[in-house]
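This note sets out several points for a colleague who is meeting the structure for the first time. Please read each point with the coordinates open.

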Amino acid sequence: MIKPTVGPIMGHTTADHTRIFLRGGPGRNAPAFAGLRYRRSGEAQWSRTVFSELSPARDLCNVFILNPLDANAGYEYQAGWFCPPTSAQCAQTLNALPLQWPQEIYRFKTQADTPNGTRAYIVGSCRYLRMTAGVPWLPHLGDRIFAAINHLAERAAAPIDALLMIGDQVYVDDLNIIAPDREYQDILHKYRTAFSQPHIARLMSAIPTYMILDDHEIEDNWPARKCGRDDHLYNNAIAAYELYQASHSPAHELLEDGRINRHLERYWYPFTHGDIGWFVTDSRTRRNLSAGHRRILDEEQEAALCDWLIHSPARVKFVVTSVMFYPDRRRRGEDAWQAFPEQRLRLLETIRTHRVKNVFFVSGDVHGSLTSRLTHSEDPDFEIHTIVSSPLCNSRLLPYARASTFTLDQPLARTLAGEYRHQLTGAVISQDNFAHLQVEAQQLRVTYHDRCGQPLQTLNITLR
């Protein structure tokens with residue numbers, strides 16, 4: 001058995017099941033299969049091997065579902081791929097093969113099924129890995145911050161419950177002016193390269209990883225610059241996104257028989273960890289830019305988000321939107337929520353009028369990190385926060401955001417009921433970084449770290 005060419009990547013993980021993505025390799029005139037086995041930490045006996053045939057139509061990728069598992073339990077697993085003899089192509093004959101497993105043993109932990117206790121997350125976005133003629137240019141620069149995240153995860157007092165990668169995991173358009181990638185195989189190659197660098201591969205093999213796309217998975221500022229010939233690009237980019245990012249996410253429904261529904265209707269999804277709720281929005285592919293009906297979220301998604309905000313019993317609610325919810329940029333703000341003020345105001349009024357507490361909007365995109373508090377001039381009970389984490393690795397061609405990038409001296413919105421006013425609650429960080437979120441009983445602690453893992457800034461937000 002051969003080590004996966006990409007992965008394994010831990011996906012959506014609950015108290016009783018997990019999803020594990022991997023990619024194998026091509027067989028020589030024979031089908032290729034992936035295999036995975038697992039066991040509780042400390043036990044000697046491995047489970048029966050789970051096999052899956054790898055199809056070239058899916059770039060030799062597949063997702064294993066391990067179910068049922070025990071809550072709050074440590075597990076070990078091994079995974080690889082192989083080409084069996086042509087006569088051994090069913091489960092019975094595959095299990096009879098004398099498989100030689102790759103040496104590496106991976107480890108993960110299922111979620112606790114109790115609501116209390118500290119929960120911890122890593123959040124980041126915008127990981128630039130330049131590719132020139134199909135070859136990564138100085139790939140260690142795009143991978144080194146994940147070594148720092150691994151180091152933190154191994155030593156953190158509270159285990160990391162999930163890694164949230166909230167946009168621009170790959171830059172399909174990194175040489176957009178000279179030679180943009182448009183063909184399916186070129187885009188797939190970019191994903192394989194980005195996700196197989198050593199430090200990010202190690203991180204994603206052990207920590208449940210949740211992803212959502214932003215524009216660079218397709219094209220800069222998509223779909224504002226879309227032209228007729230971009231349909232070909234979009235179809236190829238989205239097919240690759242579905243394979244490498246959405247396939248192991250909660251967007252795929254878990255069926256009663258323990259399998260997942262392979263049909264994907266949307267990219268947004270909610271998930272919960274005890275009394276912590278996450279709603280990961282798709283603020284990129286469901287946009288409507290028509291003058292009379294502008295939306296950054298489609299009607300179905302907005303209704304689902306509002307229903308979740310109002311009725312979810314979660315004590316703390318994180319809303320992920322790959323582009324910034326607020327504050328607004330002084331220039332070039334047409335790509336974020338700033339360009340959709342009516343829909344943003346509807347969400348704010350939903351939160352305010354229904355007295356929803358402890359709502360945090362988590363964003364990336366702007367190549368700068370910050371925290372900001374939003375209040376209402378006439379409603380002292382209203383308060384939300386935004387947490388922005390970007391970039392994991394910047395391009396030398398792109399500037400970092402600074403405090404001067406944003407409009408900070410004006411209300412965010414005005415209504416007959418009063419003004420929505422915001423203020424920064426820390427400095428704007430203008431360097432490569434990631435955020436470490438710790439949800440405790442009485443507070444949310446947000447710590448930004450630099451590419452070497454050193455703390456840059458910590459903010460404690462009291463929960464209500």
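In what follows, two residues are said to be in contact when heavy atoms lie within 4.5 Å of each other. The model is a predicted one.

1. Helix pair H6 and H7. In H6, Glu302, Leu305, Cys306, Leu309 and Ile310 meet a set of residues in H7, namely Gln343, Arg346, Leu347, Thr350 and Ile351. By class, the residues of this contact divide into 6 nonpolar, 2 polar and 2 charged.

2. Geometry of the helix pair. Two packed helices are described by the angle between their axes and the distance between the axes. Here the axes of H6 (residues 299–311) and H7 (residues 341–353) come within 10 Å and cross at roughly 20°. Angles under 35 degrees count as roughly parallel, and therefore H6 is roughly parallel to H7. The crossing of H6 past H7 is right-handed.

3. Strand E8 and its partners. Strand E8 covers residues 119–124. With strand E21 (residues 433–439), E8 pairs in the antiparallel sense over 5 bridges; with strand E11 (residues 160–165), E8 pairs in the parallel sense, also over 5 bridges. Ala120 illustrates both pairings: Gln438 stands opposite Ala120 in E21, and Ile160 is the bridge partner of Ala120 in E11.

4. Burial of E8. Are the residues of E8 buried or exposed? Of the 6 residues in E8, 6 are buried. In a regular strand the side chains alternate between the two faces of the sheet. In E8, Arg119, Tyr121 and Val123 lie on one side, Ala120, Ile122 and Gly124 lie on the other, and both faces are covered.

5. The open sheet. Four strands form an open sheet with antiparallel pairing, in the order E4-E3-E6-E7. E4 (50–54) and E7 (106–109) are the edge strands, each pairing on one side only. On average, neighbouring strands of this sheet are turned by 30° against each other, direction ignored. E3 (residues 32–40) and E4 run antiparallel and are joined by 5 bridges; within this pairing, Gly35 has Phe51 as its bridge partner in E4.

6. The loop residue Ala73. Ala73 is placed in the loop between strand E5 (61–66) and strand E6 (74–82). Why does Ala73 count as buried? The relative accessibility of Ala73 is 3%, and buried means under 20%, so Ala73 counts as buried. Leaving aside residues up to four places away in sequence, Ala73 touches Arg40, Phe108, Lys109 and Thr110. Ala73 and Gln111 are 38 residues apart in sequence, with a C-alpha to C-alpha separation of 7.7 Å in space.

Terms used
Residues are numbered from 1 along each chain as its sequence is written. This is a predicted model: local features need pLDDT of at least 70, side-chain atom pairs count only at pLDDT 80 or more; totals for chains, interfaces and linings use all residues. Side-chain values use heavy atoms; hydrogens and water are left out. Buried means under 20% relative accessible area, exposed over 50%, partly exposed in between (1.4 Å probe, protein chains only). Helices (H or I, at least four residues) and strands (E, at least two) are DSSP runs, numbered from the N terminus. Two strands pair if DSSP finds at least two bridges between them. Axes are lines fitted to C-alpha atoms, for helices over the stretch in contact, and angles run from 0 to 180 degrees between N-to-C directions. Angles under 35 degrees count as roughly parallel, over 145 as roughly antiparallel, 65 to 115 as roughly perpendicular and the rest as oblique. A crossing is left-handed if the near helix is turned anticlockwise from the far one by less than a right angle, and right-handed if clockwise. Ala, Val, Leu, Ile, Met, Phe, Trp, Tyr, Cys and Pro count as nonpolar, Asp, Glu, Lys and Arg as charged, and the others, Gly among them, as polar.
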